[in-house]
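Please look over the sequence and the model shown here before reading on. The report that follows takes up a few of its features in turn.

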Amino acid sequence: MKFFVLLSALGLCWAQYSPNTQQGRTSMVHLFEWRWVDIAKECERYLAPNGFGGVQISPPNENIVVNNPSRPWWERYQPISYKICTRSGNEDEFRDMVTRCNNVGVRIYVDAVINHMCGEGGGAGTSSTCGSYFNAGNREFPAVPYSGWDFNDGKCRTSSGGIENYNDAYQVRDCRLTGLLDLALEKDYVRTQIANYMNHLIDIGVAGFRLDASKHMWPGDIKAVLDKLHNLNTKWFPGGSRPFIFQEVIDLGGEAITSSEYFGNGRVTEFKYGAKLGTVIRRWNGEKMAYLKNWGEGWGFMPSDRALVFVDNHDNQRGHGAGGASILTFWDARLYKMAVGFMLAHPYGFTRVMSSYRWPRNFVNGQDVNDWIGPPNNNGVIKEVTINPDTTCGNDWVCEHRWRQIRNMVAFRNVVDGQPFQNWWDNGSNQVAFGRGNKGFIVFNNDDWSLSTTLQTGLPGGTYCDVISGDKINGDCTGIKVYVSNDGKAQFSISNSAEDPFIAIHADSKL
């Protein structure tokens with residue numbers, strides 16, 4: 001009996017690190033600023049058939065409306081209430097999305113903005129996505145309700161009331177982040193309001209949460225909120241399942257707050273991952289892909305079972321957040337596909353693929369002055385995600401997750417799940433290869449000269465379709481064929497000028 005109790009305790013203790021995906025699905029996609037009706041369709045027509053495990057959605061709760069022609073994306077990070085009511089859709093549409101996605105085995109993860117309400121300069125009135133009244137100056141949010149008692153104004157130690165020094169952990173957590181009204185999460189009343197909001201979403205059927213601005217909350221306050229959360233809905237999840245938690249903590253080193261302080265609550269965003277991988281793939285600062293042999297903890301990253309990893313996210317693809325100019329995005333498509341391919345082939349962390357929209361970039365002194373622009377819209381109303389005949393997206397939606405190279409690497413990761421990292425090869429420069437047990441093998445040529453060599457793949461003999469240059473369809477390859485001999489070896493040739501200078505094969509791509 002004692003043994004059983006111990007196992008149960010361990011199971012509960014580890015639950016918040018598991019993404020609650022269906023067996024054999026190992027990645028999520030962030031459908032940034034999509035409408036709920038479009039996400040529901042995408043779950044059914046594309047994500048489920050292609051093995052995606054889940055979707056991170058934009059914040060679903062009522063936010064301030066910033067009246068300019070496009071309405072900036074960041075207005076979604078300025079809450080007015082916890083009503084499910086945004087330009088992505090209303091609560092009925094949200095429920096329909098969660099149900100339809102869960103029914104095809106694709107999980108929904110909510111971006112939860114619980115550190116703050118809108119900015120102190122947000123004014124007063126009903127300029128909010130659901131028409132709720134608020135008065136930012138008086139700290140009045142009657143639709144929650146919150147009042148002046150529920151904010152950290154009296155606790156912050158700076159003269160401005162905002163964060164002035166990131167090496168002071170008290171300022172970072174008790175003062176206003178860029179003027180956003182900082183909630184007093186030490187108060188049980190505030191914790192309860194937040195937990196009620198999250199429990200409402202859990203009861204609808206969501207599988208977990210990204211906790212926005214976690215670095216600006218005390219880990220103990222986050223834990224107190226998480227302790228109030230319900231188990232997941234048993235219509236789709238085993239009894240006793242806990243919500244998946246991943247916390248946004250930007251920790252590139254050199255500050256007072258570290259990622260490890262948050263490991264007890266759930267996974268943490270590993271921002272070093274995309275920053276370092278971008279530097280390597282761009283070949284900046286003398287970095288080479290050969291150095292990726294000990295990628296992961298060997299590079300000073302957090303433990304793999306605590307990490308949520310990504311090449312770029314909605315912040316740093318615009319030059320915000322962390323990583324600076326090294327971050328690779330869809331604007332650098334050729335290098336970006338290599339970086340995402342490497343991430344999805346490598347066993348470190350739980351992976352998130354980005355799905356973006358285009359905006360008209362305009363650089364002034366190295367900074368994109370259009371980085372605020374909201375999603376494709378007609379007078380502030382988000383445009384439908386249309387699908388072109390070639391399966392790409394229209395209406396300025398980028399849909400990186402639909403790029404063949406990325407979609408097929410999501411499948412690769414599913415096939416090699418649990419297999420060891422092995423058969424590493426490099427040329428001492430930017431040509432590298434590695435396998436995942438006897439299930440998958442990938443080769444990169446990021447040098448300025450061609451690659452032609454015979455490598456040990458670890459795979460059974462046979463003919464395989466390269467899933468980067470094409471697909472396996474009706475028992476044949478639309479792209480390159482790779483012949484693996486009975487000793488596991490194969491000849492690889494990749495021109496340095498190839499559209500996609502990498503090749504990937506796996507057990508399910510064998511003819």
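## A disulfide between a strand and a loop

Cys85 and Cys130 are joined by a disulfide, with an S to S distance of 2.3 Å; a disulfide here is a pair of cysteine sulfur atoms within 2.5 Å. The link of Cys85 and Cys130 is right-handed, with 90° about the S-S bond. The pair connects distant parts of the chain, 45 residues apart: Cys85 is in strand S4 (residues 79-86), and Cys130 is in the loop between strand S8 (124-125) and strand S9 (134-135). Helices (H or I, at least four residues) and strands (E, at least two) are DSSP runs, numbered from the N terminus.

Cys85 has a relative accessible area of 13% and is buried, whereas Cys130, at 35%, is partly exposed. Buried means under 20% relative accessible area, exposed over 50%, and partly exposed in between, computed with a 1.4 Å probe on protein chains only.

## Basis of the model

This is a predicted model, in which local features need pLDDT of at least 70 and side-chain atom pairs count only at pLDDT 80 or more, while totals for chains, interfaces and linings use all residues. Residues are numbered from 1 along each chain as its sequence is written, and side-chain values use heavy atoms, with hydrogens and water left out.

The pLDDT is the predictor's confidence in each residue, from 0 to 100. The protein chain has an average pLDDT of 95, and 97% of the residues score at least 70. Residues 1-13 have a pLDDT below 50, and this stretch has 2 contacts in the model beyond near neighbours in sequence. A contact means heavy atoms within 4.5 Å. Where pLDDT is low, the predicted coordinates should not be read in detail.

## The other cysteines

In the whole structure, a search finds 5 disulfides. One of them joins Cys43 to Cys101, S to S 2.1 Å. This pair also links distant parts of the chain, 58 residues apart, with Cys43 in helix H2 (residues 36-47) and Cys101 in helix H3 (residues 91-103). The torsion about the S-S bond of Cys43 and Cys101 is about 90°, so this disulfide is right-handed. Cys43 and Cys101 are both buried.

Another disulfide is formed by Cys393 and Cys399, whose sulfur atoms are 2.1 Å apart. Its torsion about the S-S bond is about -95°, so the disulfide of Cys393 and Cys399 is left-handed. Both of these cysteines are buried. With bonded cysteines counted along the chain, the disulfides follow the pattern 1-3, 2-4, 5-6, 7-8, 9-10. Cys118 is in no disulfide; the nearest cysteine sulfur, that of Cys130, is 15 Å away. Cys118 is buried, with a relative accessible area of 0%.

## Aromatic rings

A pair of aromatic rings is described by the distance of the centres and the angle of the planes. Rings of Phe, Tyr and Trp (its six-membered ring) pair if their centres lie within 6.5 Å; planes under 30 degrees apart count as stacked, over 60 as edge-to-face and the rest as tilted. By this rule the count comes to 36 aromatic pairs. Trp36 and Phe94 form an edge-to-face pair, 5.6 Å centre to centre with 80° between the planes. Trp36 lies in helix H2 and Phe94 in helix H3, so the pair ties together parts that are 58 residues apart in sequence. Trp36 is buried at 0% relative accessibility, and Phe94 is buried with a relative accessible area of 0%.

The rings of Phe330 and Trp331 have centres 4.6 Å apart and planes at 35°, so this pair is tilted. Phe330 counts as buried at 6% relative accessibility, whereas Trp331 is partly exposed at 29%. One aromatic cluster includes Tyr273, Trp295, Phe421 and Phe502 among its members.

## Charges over rings

Which ring does the charged end of Arg173 sit over? It is the ring of Trp218, with the charged end 4.5 Å from the ring centre. The charged end of Arg318 sits over the ring of Trp359, 4.3 Å from its centre. A charge sits over a ring if NZ of Lys or CZ of Arg is within 6 Å of the ring centre and within 35 degrees of the ring normal.

## A buried threonine

Thr269 lies in strand S13 (residues 267-269). Thr269 is buried, with a relative accessible area of 2%. Leaving out residues up to four places away in sequence, Thr269 touches Gln247, Glu248, Val249, Met302, Leu308 and Phe310.
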